[in-house]
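Have a look at the structure first, then we'll walk through the pairings.

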Amino acid sequence: MKKIAVLAGLVAAVSFAPGLSLAADATVPVKEIMQDTQKNWASDASDWIDIFEESMLGRLYSKDFGDKYKAAAQNPAADEDGISPFDYDVIVNGQDACPLQDLSIESGQPANGTTEVTVKFKAATCMEGAANKDDVTTVRFEVIEENDKSVIDDIMIQGEEGKGPTSLKETMGLIAKGQ
């Protein structure tokens, strides 16, 4: 019993020691974005959830990502409705999708201050006769720690066949420049 009390005291001391903290869970912001994306593409979805709305930008994304998004959104040619600089869902990488199937979220090991969180899902299973009906979409989220919490710093979208993934931050930079 004495050993348990000592161990509990050590855990408490380490938990509250200045400068010592457990790494934040890199999957937390990704799970929230994917939950909202699933709701958006569910067959009974009524209200579209903007995964880049102001409060989410400040809470789930890095400051740099948020700044790039805001700069891209200022481009008058970005989107006719003035809501988003994108005319497609950047997570499913298209304008049409089905309820997401076989969703998986896997966190890699941190390297150079970034943790890659890989999300895989099928987005076209309801599209009868589509050549890509059973294709698996892969999206990689680059997650960093900022202000002691995990935030998304970039989203690497599956590129066209034969091409590597595309950085959403780079895409936003091009949109901001009118390209």
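β3 and β4 pair in the antiparallel sense, with eight bridges between them. Keep in mind that this is a predicted model.

- Across the pairing, Glu 142 has Asp 154 of β4 as its bridge partner.

**Over to β2 and β1**
- β3 (residues 136-146) also pairs with β2, again antiparallel, through eight bridges.
- On this side, Glu 142 of β3 stands opposite Glu 116.
- β2 in turn runs antiparallel to β1 (residues 101-107), and five bridges join the two.

**Over to β5**
- β4 is joined to β5 (residues 166-167) by two bridges, and this pair is antiparallel too.
- Ile 157 has Thr 166 in β5 as its bridge partner.

**What's tucked away**
- In β4 (residues 149-157), eight of the nine residues are buried, so the strand is largely enclosed by the rest of the structure.
- β2 (residues 115-122) is largely enclosed as well, because six of its eight residues are buried.
- As a general point for reading the faces, side chains in a regular strand alternate between the two sides of the sheet.

Note on methods
Residues numbered from 1 in each chain as written. Predicted model: local features only at pLDDT ≥ 70, side-chain atom pairs only at ≥ 80, totals over all residues. Heavy atoms only, no water. Buried < 20%, exposed > 50% of the residue type's maximum accessible area, 1.4 Å probe, protein only. Helix = DSSP H or I, 4+ residues; strand = E, 2+ residues; numbered from the N terminus. Pairing = 2+ DSSP bridges.
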